[in-house]
Amino acid sequence: MKLNEAAVFKWVVIVVIAGALVTVVTLLTRPLVGSLLGLAIVIAGCVYGYRWVSQKRREVGSKNLHS
Amino acid sequence: MESATVAVGHDHADHHHGPPEANQSSRIDRQTLGILLFIVSEVMLFGAFFASYFFLRVVVDPPTWPAFPLPKGVAGMNTAILVSSSFTVHYALESIRRGNRAGLKLGLVATWLLGATFLFIQINEYVHLGFSARDLSFGSIFYCLTGLHGAHVFVGLMLLSFATIRAFRGHFGPAEKDHLGVEVPGIYWHFVDVMWIIVYVTVYIL
């Protein structure tokens, strides 16, 4: 699990794209629609993050078992 | 034999100063782990302010939100400036990883200038907004959220100043442990950038 500036920068790009998407949808429709989209993106991000961390934990566990 | 052991012991004492090296159980170096834990605490701080914002937004009566017109265009341009500063700090770090010192200096100076421009535009916006922190709950939470973020930008600029001065004095190198002085402020700067995107979308757009 590599945690450095490059890994954080990847998340900056993801948040920028998500923020731009919510902004465009809100300006084209209503704030409620934008809020719901924002909430959906946050939930999807949490699920993705949880699955990513679980996978990394499994990888680290199997490495420690073999070493 | 005994004298030889004593001599080796003295030799070791001469070379090692300060406390013994701490045991490192984590695969992340302690500086990076430190800034990540600090950022976690900062996320909680911002979370408290966002909770206040949404609470006020829901309970305010009559339901007029935002209570005052906000300059979405100017703030959007300011957002673009801050987002571009994340790209320049990333460029600075990629440059030093490849041993390009000129790129490191250019990236750091560009990041500092973009950050200072963001802060200047934010202060200029405060001057021309037409409402203060005393005007309604909206005014209070608006200045609290944007002001908290502005304070973080100021701290980030201080960290970048130190990194830039060190870069011009010939510090830092391509090895991972040799450019932590840029990596740690870089991670903090990305955090400040991400927080602004959330503040901008929440306060100005939604």
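**Helix packing and the chain contact**

Guide: In chain B, helix α4 (residues 101-128) packs against helix α6 (residues 180-205) at an angle of about 30°, and their axes are 13 Å apart. The model is predicted, with local features needing pLDDT of at least 70, side-chain atom pairs counting only at pLDDT 80 or more, and totals for chains, interfaces and linings using all residues, while side-chain values use heavy atoms, with hydrogens and water left out. Residues are numbered from 1 along each chain as its sequence is written, and chains are lettered from A and ligands numbered from 1 in the order in which they are written.

Helices here are DSSP runs (H or I, at least four residues), numbered from the N terminus; axes are lines fitted to C-alpha atoms over the stretch in contact, with angles from 0 to 180 degrees between N-to-C directions. α4(B) and α6(B) are therefore roughly parallel (under 35 degrees; over 145 would be roughly antiparallel, 65 to 115 roughly perpendicular, the rest oblique). The crossing of α4(B) past α6(B) is left-handed (the near helix is turned anticlockwise from the far one by less than a right angle). On the α4(B) side the contact (heavy atoms within 4.5 Å) includes B:Leu104, B:Leu108 and B:Phe118; the α6(B) side gives B:Val182, B:Trp189, B:Trp196 and B:Tyr204. By class, this contact of α4(B) with α6(B) has seven nonpolar, three polar and one charged residues (Ala, Val, Leu, Ile, Met, Phe, Trp, Tyr, Cys and Pro are nonpolar, Asp, Glu, Lys and Arg charged, the others, Gly among them, polar).

α6(B) also packs against helix α2 (residues 30-59) of chain B, where the axes come within 11 Å and cross at roughly 10°. That makes α2(B) roughly parallel to α6(B). Their contact divides into 18 nonpolar, three polar and two charged residues.

Between the chains, helix α1 (residues 5-28) of chain A meets helix α3 (residues 72-97) of chain B at an angle of about 160°, with axes 11 Å apart. α1(A) and α3(B) are therefore roughly antiparallel, and α1(A) passes α3(B) in a left-handed crossing. Among the residues in contact are A:Phe9 and A:Val13 of α1(A), and B:Phe87 and B:Leu93 of α3(B). By class there are ten nonpolar, two polar and four charged residues.

The whole contact takes 21 residues from chain A and 25 from chain B. It buries about 1800 Å², with 74% from carbon and sulfur atoms (accessible area, 1.4 Å probe, lost on putting the two parts together, summed over both).

B:Arg97 pairs with A:Glu5, the closest N and O atoms being 3.7 Å apart. B:Arg97 lies in α3 of chain B and A:Glu5 in α1 of chain A, so the pair joins two chains.

Conventions. A salt bridge is a side-chain nitrogen of Lys or Arg within 4 Å of a carboxyl oxygen of Asp or Glu.
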